[in-house]
Amino acid sequence: MNWITNYVRPKINSMLGRREVPDNLWIKCPETGEMVFHRDLEENKWVIPASGFHMKMPAKARLKDLFDDGVYDALPQPKVAQDPLKFRDSKKYTDRLRDSRAKTELEDTILAGVGSVKGVKLVAVVHEFNFMGGSLGIAAGEAIIKAFERALAEKCPLVIFPASGGARMQEGILSLMQLPRTTVAVQMLKEAGLPYIVVLTNPTTGGVTASYAMLGDLHLAEPGAEICFAGKRVIEQTIREKLPEGFQTSEYLMEHGMVDMVVKRHDIPSTLAQVLKILMKKPVEATKREPVTAIAAPAGVPIAASV
């Protein structure tokens, strides 16, 4: 017991009227080093105002922001076996689960809900990265499958927001079995003729990328998101070569045909609504076009007509 820290300092602070300041009041931008007040960051959907860097967004906030007026029906978390392998590394797996549940107030990494986005009914599935790195285990796999079953029952599209480090090592082969299980669920939705959209967020890696995260009818991605199977450092150590700048980012993957659109977080709800209306052959609201400004051309050079 540290007598000065635990007794003397609190006593002095109480006498002087000082209060302890939480560590998370200011958030540092990973790109520019700019310090942003946490409330300003939350109001801007966890996007750094100056740099536009997209921070990780909590699953509950993601669903609330996505659905109209923040209203949705949360899907229940299915009950599954806890710690089936009795796994222990530096600490017990059960202790890790308990700590993550206390930190996130979630049963596991998957949060799903049913609601409307700009009038389009859909099921949304979100990974909570703060719950053991958004890793895919039995509970997560079962929750994803139940979400697909709900989309089939409601005859509506499903949109998923992966953010994961991959399979959960504490569940071994049982975690890897969630890859084919979720793949079958994706196929069931497609056979029913219902759209399946993936919005890739930072990071989407490992077994999640190797299964349902890359099987969408359309792949959207947030700016700067890391999307890969194996990390950049692992690949460089394996092939003993330096990889290109920006390798495995959403922009790089879009240039190489693995991502269809890179969409800013603020525009995701409206973009999803427009895309889903097209896929489901529903009327689409006309978008406003910017007026064309005439530009004078040098003498003798014809001006091309704008369409």
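## Burial of Glu-142

A residue is called buried here when its relative accessible area is under 20%. Glu-142 has a relative accessible area of 17%, so this residue counts as buried. The model is a predicted one, and the values below are computed from it.

Glu-142 sits in helix α5. Apart from neighbours within four places in sequence, Glu-142 is in contact with Pro-78, Val-80, Gln-178 and Arg-181.

## Overall make-up

The protein contains 11 helices and nine strands. Of its 307 residues, 40% are buried. Among contacts with a separation of 6 or more, 65% are between residues 24 or more positions apart.

The accessible surface of the protein is about 17,800 Å². Carbon and sulfur atoms account for 56% of that surface.

## The largest pocket

The volume of the largest pocket is about 400 Å³. Its lining consists of 23 residues, and those closest to the pocket centre are Trp-46, Lys-56, Met-57, Pro-58 and Asn-130. The element that gives the most is α2, with three residues.

Sorted by class, the lining of the largest pocket has 10 nonpolar residues, seven polar residues and six charged residues.

## Aromatic pairs

Four aromatic pairs are found in the whole structure. In one of them, the ring centres of Phe-148 and Tyr-196 are 5.3 Å apart and the ring planes stand at 55 degrees, so the pair is classed as tilted. Phe-148 belongs to helix α5 (residues 138-154) and Tyr-196 to strand β7 (residues 196-200), so this pair ties together parts that are 48 residues apart in sequence. Both Phe-148 and Tyr-196 are buried.

Another pair is formed by Phe-247 and Tyr-252. Their ring centres lie 5.3 Å apart with the planes at 70 degrees; planes over 60 degrees apart count as edge-to-face, so the pair falls in that class. Phe-247 has a relative accessible area of 22% and is partly exposed, because the buried class takes in values under 20%.

## Leu-194

Leu-194 is located in the loop between α7 (178-191) and β7. Its relative accessibility is 11%, so Leu-194 counts as buried. With neighbours within four places in sequence left out, the contacts of Leu-194 are Ala-151, Leu-152, Lys-155, Cys-156, Leu-189 and Asp-217.

The C-alpha atoms of Leu-194 and Leu-279 are 8.6 Å apart in space, while the two residues are 85 residues apart in sequence.

## Ala-81

Ala-81 lies in the loop between β3 (73-74) and α4 (93-104). The relative accessible area of Ala-81 is 49%, and this residue is therefore partly exposed; the exposed class requires a value over 50%.

Along the chain, Ala-81 and Ala-139 are 58 residues apart. Their C-alpha atoms are separated by 8.1 Å.

Technical notes: Residues numbered from 1 in each chain as written. Predicted model: local features only at pLDDT ≥ 70, side-chain atom pairs only at ≥ 80, totals over all residues. Heavy atoms only, no water. 1 Å grid on protein atoms, 1.4 Å probe; cavity = no way out; pocket = protein on both sides within 12 Å on 5 of 7 lines; lining within 4 Å. Points joined across faces, edges and corners; volume = space filled by probe spheres on them. Helix = DSSP H or I, 4+ residues; strand = E, 2+ residues; numbered from the N terminus. Nonpolar A, V, L, I, M, F, W, Y, C, P; charged D, E, K, R; others polar. Buried < 20%, exposed > 50% of the residue type's maximum accessible area, 1.4 Å probe, protein only. Contact = heavy atoms within 4.5 Å. Areas by Shrake-Rupley, 256 points an atom, 1.4 Å probe, with all protein chains shown as cover. Phe/Tyr/Trp six-rings, centres within 6.5 Å; stacked < 30°, edge-to-face > 60°.
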